[in-house]
Amino acid sequence: QRKELPYDFWRRIGSPKYVVAPMVDNSELAFRMQTRKYGAQLVYTQMFNTNIFSVSKECRSQLFEVEPEDRPLFVQIAGHEPQVMLQAAKYVEDYCDAVDINLGCPQGIAKRGRYGAFLMEELDLLYDIVSTLVRGLKVPVTCKTRIYKNDFERSIRLCETLVKAGASVITIHGRTREEKGQAVGKCDWDMIKRIKEYFAQQEIPVPVIANGGIENLDDVYSCIEHTGVDAVMSSEAILENPALFSRRINAEGKEMTQIDLEEYLDFCDRFPVYHFRIVRSHVMKMLFRYSTKHVELRDACSTSYTMEDFRRVCQLCRELIAAEGGESAYPVSWYNRHRFDANTGAAISKPGFKDPDQLLDLSSSFLRGGAGDEMWECGENGECGVFGSI
């Protein structure tokens, strides 16, 4: 059913090794282009809910931004109705290199909407979805999914279903559906390695991308060496440091973990975003390690509504960093916020949770605009959740 063999496709797009994940409200064109400047070789759009994307011209025009230099590009979609998903994918097939199916989102809204990781057990439906898109699209179809804890047979059965249906690339997030927020566990690279080895031995092998456990460039190299995957995908860590795939050394000979704070704003000037909550979300993640110590940064960012406002926040941040004596005063990053106390730097002892769907990630709740149903309820000024009340 495929238009070309998986590795023929992979080589055609340059055999990328450094991949930026699809992230809702954080994978807009401005950020994608910034990560490409620093070595990202394949970038995804944010996930598009096909129930909305297939019928709303406004949604498509606002959220799906096209730029000739923004390639190779995978567009990610989510849903559970094969024909609706195909209809949505037809709108983007001429402007991307592949359409990716989200089978990894573990959030409650995905459970209610019957998509993402909550389709992992519906193998017949998944086969129907993938095969329908493979038959109906000009471009290859790829899938991003999760694993089952210590259960290779179930994990490989899921992946094999996707590949047999025609998927050309598989991205494996080495965590379970329950491992999210404060319950996030260590990424299972061993499971990813076994899945990669399994597909490498098949008559028609498929490229495998590893996702999870990537905080810096050394982790990227370690993951490739350990698992043998074709590429490594970064999500949370690259939000704080868009230059994650580029090792940069400062004047003191130390590796730089942060880029120029205002550079993202420069990209927004070149590629305007459709809502300032997206800019705010990015800036707050990039400034997260500083705002844990300087709450005034968080307050200033939450009340910023223009590019000039955000540039003033960046200037304030530089002044605060200088007063503290430099970067070493801020040990806790956005990526490891669940693992270390923001004030002491000590490791956090994680409590147990009975219902993973009720987990509340306070930091992302504030940055993303709330949690649960409230996250999707917007105020009069268009801001959502927590920001809606500011």
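Guide: In this predicted model, helices H13 (276-286) and H15 (residues 295-302) pack at an angle of about 170° with their axes 10 Å apart, and are therefore roughly antiparallel (an angle over 145 degrees) to each other. Helices here are DSSP runs of H or I, at least four residues, numbered from the N terminus; axes are lines fitted to C-alpha atoms over the stretch in contact, with angles from 0 to 180 degrees between N-to-C directions. From H13, Arg280, Val283 and Met284 make the contact (heavy atoms within 4.5 Å), while H15 contributes Arg298, Cys301 and Ser302. By class, three of these residues are nonpolar (Ala, Val, Leu, Ile, Met, Phe, Trp, Tyr, Cys and Pro), two charged (Asp, Glu, Lys and Arg) and one polar (the others, Gly among them).

H13 also meets helix H12 (residues 263-270).

Leu320 lies in H16, and its relative accessibility of 14% is why Leu320 counts as buried. Beyond neighbours within four places in sequence, Leu320 touches His294, Glu296, Leu297 and Tyr330. Leu297 is 23 residues away along the chain, yet the two C-alpha atoms are separated by 9.2 Å.

Residues are numbered from 1 along each chain as its sequence is written. Local features need pLDDT (the predictor's confidence in each residue, from 0 to 100) of at least 70 and side-chain atom pairs 80 or more, totals for chains, interfaces and linings use all residues, and side-chain values use heavy atoms, without hydrogens and water.

Methods:
Buried means under 20% relative accessible area, exposed over 50%, partly exposed in between (1.4 Å probe, protein chains only). Helices (H or I, at least four residues) and strands (E, at least two) are DSSP runs, numbered from the N terminus. Angles under 35 degrees count as roughly parallel, over 145 as roughly antiparallel, 65 to 115 as roughly perpendicular and the rest as oblique.
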